[in-house]
Amino acid sequence: MTDFLTDALTLLADESAPLLSRLAMCTEETAARMNITSRKTLCEIVFYHVADSLSLVGDVRGARRVCDVGTGGGFPGLVLAALCPDTQFTLMDATQKKVAAIAKTAETLGLKNVRALCARAEEAGRAAEREQYDVVVSRALAALPMLSELCLPLVRVGGKFVAMKGPRAAEELCEARPILAKFFVGEPVVRREVLSGADFLSLAHAPNEEERAALESFCAMERLTLIFDKKRPTPPKYPRPFSKIARGGV
Ligand code: SAH
């Protein structure tokens with residue numbers, strides 16, 4: 001069990017806290033104008049997006065290049081970029097308007113280490129982005145069998161793929177074993193994370209009753225981070241076209 005709050009709170013106690021608050025406020029502003037995330041209130045954004053993303057700081061710190069695949073409104077990528085200024089982040093999403101919103105937020109916050117890239121992961125993984133990243137991270141993009149094929153081709157040999165997962169992680173891992181075998185990827189390190197809500201309230205407006213109940217269940221949700229080491233190059237056959245990946249099979 002890793003209490004990532006110990007790490008996160010150290011960060012929040014220093015000069016990163018105002019930057020993360022501004023990130024949450026920028027996201028709130030953008031979410032009010034366009035549909036980049038279903039989480040709309042500042043309080044929700046602080047918990048579901050900012051706090052949750054903090055669990056990966058230790059995985060990307062020290063990396064040269066990181067890619068967040070299916071970054072959506074910019075999570076976890078923007079939070080990690082704000083906290084790791086010496087690492088270059090590519091925030092990849094298939095939807096142009098989300099990518100444009102992320103680029104604008106990064107500019108507003110003065111994050112010089114963010115490249116917002118509109119691309120489909122399965123296409124990027126066959127082209128210029130293939131095996132370019134020390135670490136590839138992803139949250140809420142797809143179940144592990146599909147996610148592995150979208151993300152692993154982007155990881156350089158010797159790098160890692162970090163998947164943020166919920167309570168179905170063990171089942172998804174079983175389902176992903178055939179494709180992971182094709183990628184010569186062994187068992188992941190599995191990290192169980194805890195999120196203690198009260199510690200983040202200073203970053204959000206005081207939640208109302210309804211929000212508080214939702215936050216409590218969110219904080220109580222089981223969250224598992226799966227960390228895969230990539231030891232061998234991705235076979236040329238992968239990633240396959242999306243229709244093939246979606247059909248299942250290997
Ligand atoms: N990571 C964010 C968003 C998750 S929603 C979060 O946790 O909040 C999934 C996102 O993945 C959407 O924004 C969608 O546009 C993007 N996406 C879906 N398929 C993709 C693909 N094949 N390549 C790149 N992005 C994709």
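What is the volume of the largest pocket? The largest pocket of this predicted model has a volume of about 750 Å³.

View 1. The pocket is lined by 40 residues, of which G70, F75, R139, A140 and L141 are the closest to its centre. Two or more lining residues come from each of α3 (42–53), β2 (88–93), α7 (121–124), β5 (155–165), α9 (169–182) and β7 (223–229). By class, the lining holds 18 nonpolar, 10 polar and 12 charged residues.

**View 2. The ligand in the largest pocket.** The ligand is surrounded by 16 residues, and the closest of these are G70, F75, D93, A121 and R139. The shell around the ligand consists of 6 nonpolar, 5 polar and 5 charged residues. G70, F75 and R139 are named among the residues closest to the ligand and also among those closest to the centre of the largest pocket.

**View 3. The cis peptide bond between F75 and P76.** Omega of this bond is about 10 degrees. P76 is placed in the loop between β1 (65–69) and α5 (77–83). F75, the other residue of the bond, is one of the residues closest to the ligand and one of those closest to the centre of the largest pocket.

**View 4. The cis peptide bond between Y238 and P239.** Here omega is about -5 degrees. The loop that holds P239 runs between β7 and α11 (242–247). Strand β7 (223–229) is also among the elements that give two or more residues to the lining of the largest pocket.

**View 5. E131, a residue other than glycine with a positive phi.** The phi value of E131 is near 55 degrees. E131 belongs to the loop between α7 and β4 (133–139). Helix α7 (121–124) gives two or more residues to the lining of the largest pocket.

Key
Residues numbered from 1 in each chain as written. Predicted model: local features only at pLDDT ≥ 70, side-chain atom pairs only at ≥ 80, totals over all residues. Heavy atoms only, no water. Near = heavy atom within 4 Å. 1 Å grid on protein atoms, 1.4 Å probe; cavity = no way out; pocket = protein on both sides within 12 Å on 5 of 7 lines; lining within 4 Å. Sits in = over half its atoms within 2 Å of the grid points. Nonpolar A, V, L, I, M, F, W, Y, C, P; charged D, E, K, R; others polar. Points joined across faces, edges and corners; volume = space filled by probe spheres on them. Helix = DSSP H or I, 4+ residues; strand = E, 2+ residues; numbered from the N terminus.
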